[in-house]
Amino acid sequence: MPRGSPTTCDLQVSLTVDQEPAGVAVARLVVDEPDGLLVEVDLTGDELALLLAGETIAVPGRVSGIEQPPVDEPATEPDVVEPDVVEPEEPVRASTALDEPPAGTEPIARSTDVRPGEAVVAYIRGRWRDVVVVRRDIGSLLVAYTRPGSFGRVQQRVATGQVRRRLGH
């Protein structure tokens with residue numbers, strides 16, 4: 001992929017380091033650019049040590065926010081029509097008003113469709129809550145909301161499919 005001319009912009013950069021139960025350190029570097037480009041890189045402890053020592057390393061990463069050209073799919077054989085088979089009905093799960101998305105909202109297709117600091121609604125712990133986007137990752141968002149009582153402000157990671165934007169905002 002050709003590189004464009006360098007531009008100056010403010011980036012949100014976060015580095016989290018976790019230790020897995022087996023004792024392996026894993027670091028995640030996330031770079032979030034205001035125009036929607038999002039880069040995530042997972043690093044082992046050894047790779048992180050090399051970076052901190054000033055070395056340059058090559059690691060796989062994920063980039064979101066760049067529109068990829070459509071891929072032509074090869075022609076496939078037409079589907080064979082199977083005779084109808086009557087299957088027993090599964091019990092229908094009762095839906096409550098809390099399961100339904102709030103009126104006046106629209107789904108968010110990608111985490112790059114929202115910006116940090118934007119107020120949205122998210123389905124958390126069985127209900128839709130007003131939240132604020134803290135950070136974007138590929139396929140998920142870190143959001144913050146206030147819980148009653150001594151919990152106060154809480155941050156929660158949610159899948160992008162569980163977040164909706166209010167219309168008109």
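Two strands pair if DSSP finds at least two bridges between them, and strands here are DSSP runs of E with at least two residues, numbered from the N terminus. The model is a predicted one, in which local features need pLDDT of at least 70 and side-chain atom pairs count only at pLDDT 80 or more, while totals for chains, interfaces and linings use all residues. Residues are numbered from 1 along each chain as its sequence is written, and side-chain values use heavy atoms, with hydrogens and water left out.

**View 1. Strand 8 and strand 9 form a hairpin.**
Let's start with the turn: 4 residues sit between these two strands, and Gly 149 there has a positive phi of about 85 degrees. The pairing is antiparallel and runs over 8 bridges.

**View 2**
Strand 7 and strand 8 run antiparallel, joined by 5 bridges. Asp 137 has Ser 140 of strand 8 as its bridge partner. Strand 8 is mostly covered, with 6 of its 8 residues buried (buried means under 20% relative accessible area, exposed over 50%, and partly exposed in between, using a 1.4 Å probe and protein chains only).

**View 3. The largest nonpolar core has 13 residues.**
A nonpolar core is a set of buried Ala, Val, Leu, Ile, Met, Phe, Trp, Tyr and Cys residues joined through side-chain atoms within 4.5 Å. Val 120, Ile 124, Val 131 and Val 163 touch the most other members. Two or more residues each come from strand 6 (119-124), strand 7 (127-137), strand 8 (140-147) and strand 9 (152-159). Zoom in on Val 120 and, leaving out residues up to four places away in sequence, you'll find contacts that include Ile 108, Val 114, Val 131 and Arg 164 (contact means heavy atoms within 4.5 Å).

**View 4. Arg 164 is buried yet has no salt bridge.**
You'll find Arg 164 in strand 10 (residues 163-166). A salt bridge is a side-chain nitrogen of Lys or Arg within 4 Å of a carboxyl oxygen of Asp or Glu. The nearest side chain of opposite charge to Arg 164 is Glu 106, 7.8 Å away (Lys and Arg count as positive, Asp and Glu as negative, and His and the chain ends are not counted). What does join the side chains of Arg 164 and Thr 105 is a polar contact of 2.8 Å. That term covers a pair of N or O atoms within 3.5 Å; within protein, one must be able to donate a hydrogen and the other to accept it, and residues adjacent in sequence count only if both atoms are side-chain atoms.

**View 5. Arg 157 forms a salt bridge with Asp 137.**
Their closest N and O atoms are 2.4 Å apart. Arg 157 lies in strand 9 and Asp 137 in strand 7, so this pair ties together parts that are 20 residues apart in sequence. Arg 157 is partly exposed at 36% relative accessible area, whereas Asp 137 is buried at 1%.

**View 6. Arg 166 and Asp 130 meet in a salt bridge through their side chains.**
Here the N to O distance is 2.7 Å. Arg 166 belongs to strand 10 and Asp 130 to strand 7, so the two link parts 36 residues apart in sequence. Asp 130 is exposed, with a relative accessible area of 54%.
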